[in-house]
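Please study the sequence and the structure before reading each solution.

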Amino acid sequence: MSSGWIILDKPSGISSRAAGARVARIFNAKTFGHIGTLDPMASGILPIALGAATKMIPFVEDVRSNIKEYEFSLQFGFETDTLDITGTTIRNSDVIPSRDMVLSVLPQLIGDINQTPPAYSAVHVSGRRAYELARRGTDIEIPARRVHIECLELIDVNENIWHFRTRCGRGTYVRALARDIAYLCGAYATVDMIRRTESIGFQIKNAVQLDFLENLVNNGADFKRFLEPTDFGLGDIPVLNLDDKSVKLYKNGGFIETDAYDGMWRVYSNSEFIGIGTVACGILRPTRTI
């Protein structure tokens, strides 16, 4: 069974989980996970962990930047229940703001701001996912939460298609950001494109497309060259090599004396990655083994 990472360029039209399942089938992996869910209509960077690499997801999230970059476009004049083009229109307006007005409100959405997630989102409300309640027609009130917007800029306007770029922290909803741009202009808007171009330091230029991977498989070509190792993305954690005796003890959950300084370590047996450990007061303790 394969273990490792695929930095996927997810296509629009499928869920993140469905994309992960297709990658898992390609590599014959029994388990998979991903970092940072993308809406079905969104495309772009989706880091997918296969096999033993799923155990490393929380550590990759912890040691890498949580900043993500998106390009998105919106149309003014209407709002849907999902805040994107796949939803049902619930509000209309003849107000189409000027370029100067849009540019004037963008600074209000930069920095640490309060953002109310969309009704169709995965946030929990009364113990249920918001989208589950929204699909049932339940009236829900989702509390605003603090998110970080590093930058937000208008890239282009083509008739009534307005293109933006943003860099933002974890938990930010691009659909809600588009909604709030419109509200500040006294208008309504709906997103018609979202593309994630960076996620926790991974760049879109280094991602592989799902159709391309599947074509390689169907043509008997080398698709495994795109599989990154299990310890991929953990480069900021220092390396600790163990001798054979210590390796056996470590894998069995034992504690090992060491002169390494306190903190988190990537643990290896020669060149083989065997897990994450934590050193405290001269003792290495297994945190997660492979």
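**Exercise 1.** Determine which residue forms a salt bridge with Arg 22 at 3.8 Å, and state where the two partners lie.

*Solution.* In this predicted model, the closest N and O atoms of Arg 22 and Asp 211 are 3.8 Å apart. A salt bridge requires a distance within 4 Å, so the pair qualifies. Arg 22 belongs to helix α1 (residues 16-26), whereas Asp 211 belongs to helix α6 (residues 210-218). The pair therefore links distant parts of the chain, 189 residues apart.

**Exercise 2.** Which side chain meets Arg 22 in a salt bridge of 2.8 Å?

*Solution.* The partner is Glu 214, with 2.8 Å from N to O. Glu 214 lies in helix α6 and Arg 22 in helix α1, 192 residues apart.

**Exercise 3.** Describe the salt bridge between Glu 150 and Arg 167, and the setting of each residue.

*Solution.* The two side chains meet at 2.9 Å, N to O. Glu 150 is partly exposed at 39% relative accessibility, while Arg 167 is buried at 17%. Through shared partners, salt bridges join Glu 150 and Arg 167 with Glu 69, Glu 153, Arg 165 and Glu 198 in one network.

Conventions
Residues numbered from 1 in each chain as written. Predicted model: local features only at pLDDT ≥ 70, side-chain atom pairs only at ≥ 80, totals over all residues. Heavy atoms only, no water. Helix = DSSP H or I, 4+ residues; strand = E, 2+ residues; numbered from the N terminus. Buried < 20%, exposed > 50% of the residue type's maximum accessible area, 1.4 Å probe, protein only.
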